[in-house]
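Here's a quick briefing to keep beside the viewer.

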Amino acid sequence: YQELTEGYYNVAYALTLSDGREVILKVAPRPDVRIMSYERNIMRSEVDAMWMVADDPDIPAPKVLGYDDSCSICDSPYFFMEKLSGSSLNAIHEKLSEDEISQIHMQSGKILQKVNQIRCPAFGYPGQPLFQGDNWYLVFRRMLEAGIGDAEAGGVDLKISVPELWDMLERDKNYFDEITQPYLVHWDCWDGNIFTEHGKITGIIDWERCLWADPLMEVGFRTFFRNTSFMEGYGMEKLSDREYRRALWYDVYMMILVSLECEYRKYDTMEMYDYAVGVLQKQVKELQTV
């Protein structure tokens, strides 16, 4: 076995079984480890999402080989999945040309467009019924409240006015009301979670942060980093004004959560926090002016 260290949440190992098969083992944090509100029961969310996409040949994802949440063998849930061929795009990024990277991002857009066609039973976090509902605005507000609550509990200064944020969200309520059908959203498809070989995507990994939500929550739609190749693969030239407004709110939500990682995961530096609050302040300022 060999520990895999690219991830930031679960512990993962590459294993060679006695019959020669190579598989991946992922183990969730122990129950006594402090996590953010949205991270509760996310291993179950990951397994369920991978089962949901398993039968679609246009959505490459590892096959789940076994899942156990009984905590009878170890203190945490765990699952085994097939090992993908190739390497993460993040690991080989410097070895590729801009055109090669663009082609891979275009492929990811096509794949996520397929993922975002999968209908879900409610909006919210798949593994947390208390964060689910049939009104997207109310569910999103609850998710945002949980993130801000985690910041307060962890003593993390978001460097924004929270009361003003709630006022702006209420002002923009009608932008969310037009979203009436929840779809599966991967939400964490950054280069570290895209496996590729010979210029082709061999699989999308790390589905634990998936949501039942508005597809504009996908990473490829973030407004602070326009990924034109992803958009082209997805089949969208640009966001409409109303879509852009919702995307700004999804930026805010994401950056609030990213700003918490240094405190909750005890990183060696505050670099991630400094980056996240910088983007957060910029996006909030844009919301104030639109």
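Let's start with a helix pair: helix 5 passes helix 8 with a left-handed crossing. Keep in mind that this is a predicted model. Helix 8 comes back several times below, so it's a handy one to colour before you read on.

**Helix packing**

- Helix 5 covers residues 162-171, and its axis lies 12 Å from that of helix 8, at a packing angle of about 150°.
- Angles over 145 degrees count as roughly antiparallel, and helix 5 and helix 8 are therefore roughly antiparallel to each other.
- Helix 8 (residues 241-265) also packs with helix 9 (residues 271-289); here the angle is about 155° and the axes are 8 Å apart.
- That angle is again over the 145-degree cut-off, so helix 8 and helix 9 are roughly antiparallel to each other too.
- The crossing of helix 8 and helix 9 is left-handed.
- What about helix 4 (residues 136-154): at what angle does its axis cross that of helix 8? The crossing angle is roughly 25°, and the two axes come within 10 Å.
- With the limit for roughly parallel set at under 35 degrees, that makes helix 4 roughly parallel to helix 8.
- Helix 4 passes helix 8 in a left-handed crossing as well.

- Five strands make up an open sheet, ordered 1-2-3-5-4 and paired antiparallel.
- Which strands stand at the edges? They are strand 1 (2-4) and strand 4 (64-68); each has a single partner strand, so one side of each is left without a neighbour in the sheet.
- On average, neighbouring strands of this sheet are turned by 20° against each other, with direction ignored.
- Strand 1 runs antiparallel to strand 2 (residues 11-16), and three bridges join the two.

- Another open sheet has three strands in the order 6-10-11, and its pairing is antiparallel.
- Its edge strands are strand 6 (87-88) and strand 11, each of which pairs on one side only.
- How many bridges join strand 10 (residues 194-197) to strand 11 (residues 200-204)? There are four, and the two strands run antiparallel.
- Strand 10 and strand 11 form a hairpin with two residues between them.
- H198 sits in the turn of this hairpin and has a positive phi of about 55°.

- As background, rolling a probe the size of a water molecule over the atoms shows where empty space is left.
- Searching the whole structure turns up one cavity of 30 Å³ or more.
- The largest cavity has a volume of about 70 Å³.
- Its lining takes in 13 residues, and those nearest the centre of the cavity are Y38, I42, Y125, E208 and C210.
- By class, the lining of the largest cavity splits into seven nonpolar, three polar and three charged residues.

Technical notes. Residues numbered from 1 in each chain as written. Predicted model: local features only at pLDDT ≥ 70, side-chain atom pairs only at ≥ 80, totals over all residues. Heavy atoms only, no water. Pairing = 2+ DSSP bridges. Axes fitted to C-alpha atoms, helices over the stretch in contact; angles between N-to-C directions. 1 Å grid on protein atoms, 1.4 Å probe; cavity = no way out; pocket = protein on both sides within 12 Å on 5 of 7 lines; lining within 4 Å. Points joined across faces, edges and corners; volume = space filled by probe spheres on them. Nonpolar A, V, L, I, M, F, W, Y, C, P; charged D, E, K, R; others polar. Parallel < 35°, antiparallel > 145°, perpendicular 65-115°, else oblique. Left-handed = near helix turned anticlockwise from the far one by under 90°.
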